[in-house]
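Biologist: I would like a close look at one part of this model, followed by a connected account of its surroundings.

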Amino acid sequence: MIYLELFWTFFKIGLFGFGGGAAMLSLIQFETVEHHQWITAQGFTDMVAISQVTPGPIGINSATYAGYLATGSVFGAFVATAAIVLPSLIIMLIVASMIAKFKENEWMLSIMKVLRPTIVGLIAAAALLLMTEETFGEGYGNWKSWLILVVAFCAMKWEKINPVYLILGAGVFGVIFC
């Protein structure tokens with residue numbers, strides 16, 4: 001029964017997770033932590049961190065990790081991964097067959113214009129969900145965490161530093177100072 005529930009949950013996330021993996025995080029967090037309680041809040045934060053540093057899309061990595069935690073089995077990880085990918089596969093097959101026909105359609109252009117800010121909002125929501133006391137310390141007062149956040153943001157925004165170097169630098173900072 002848990003495998004069907006897991007499949008349906010991640011199928012819905014894959015179906016409604018517009019904007020890619022980062023935008024899916026708020027949906028994954030709601031379903032796995034709050035609704036089904038398969039993962040703790042701390043476990044979700046750990047899952048996101050691990051999913052970001054492992055190769056592949058964060059949404060798929062998170063689904064794999066959550067499926068394993070929910071069932072304690074590799075099969076559960078497979079079910080969640082397949083379920084989150086399946087809607088995109090189906091939709092892309094349909095879109096690919098229709099794109100030449102509708103690429104200049106007014107309705108399609110209007111839909112895309114509305115979806116762009118929605119996706120940015122979902123990504124911002126995912127970032128805010130990760131700003132917890134577990135991440136930033138009790139009362140959000142851990143200045144080292146805030147320093148890492150500000151430095152990483154500035155380095156990405158204005159210096160265009162490769163994210164791999166930022167992750168490695170944050171790891172070194174954590175080992176030395178935390």
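In which helix is isoleucine 94 found?

Modeller: Isoleucine 94 is found in helix H5, where helices are DSSP runs of H or I with at least four residues, strands are runs of E with at least two, and both are numbered from the N terminus. This is a predicted model, in which local features need pLDDT of at least 70 and side-chain atom pairs count only at pLDDT 80 or more, while totals for chains, interfaces and linings use all residues. Residues are numbered from 1 along each chain as its sequence is written, and side-chain values use heavy atoms, with hydrogens and water left out.

Ile94 belongs to a nonpolar patch on the surface, together with Val85, Leu86, Leu89, Ile90, Leu93, Met98, Phe102, Met108, Ile111 and Met112, and the patch has about 920 Å² of accessible area. Such patches take residues with over 30% relative accessible area and no salt bridge, joining nonpolar side chains within 5 Å and like charges within 9 Å; a salt bridge is a Lys or Arg side-chain nitrogen within 4 Å of an Asp or Glu carboxyl oxygen, and areas come from the Shrake-Rupley method with a 1.4 Å probe, only the protein chains shown counting as cover for residues. Helix H5 (74-102) and helix H6 (106-130) each supply at least two residues of the patch, and H5 gives the most, with 8 residues.
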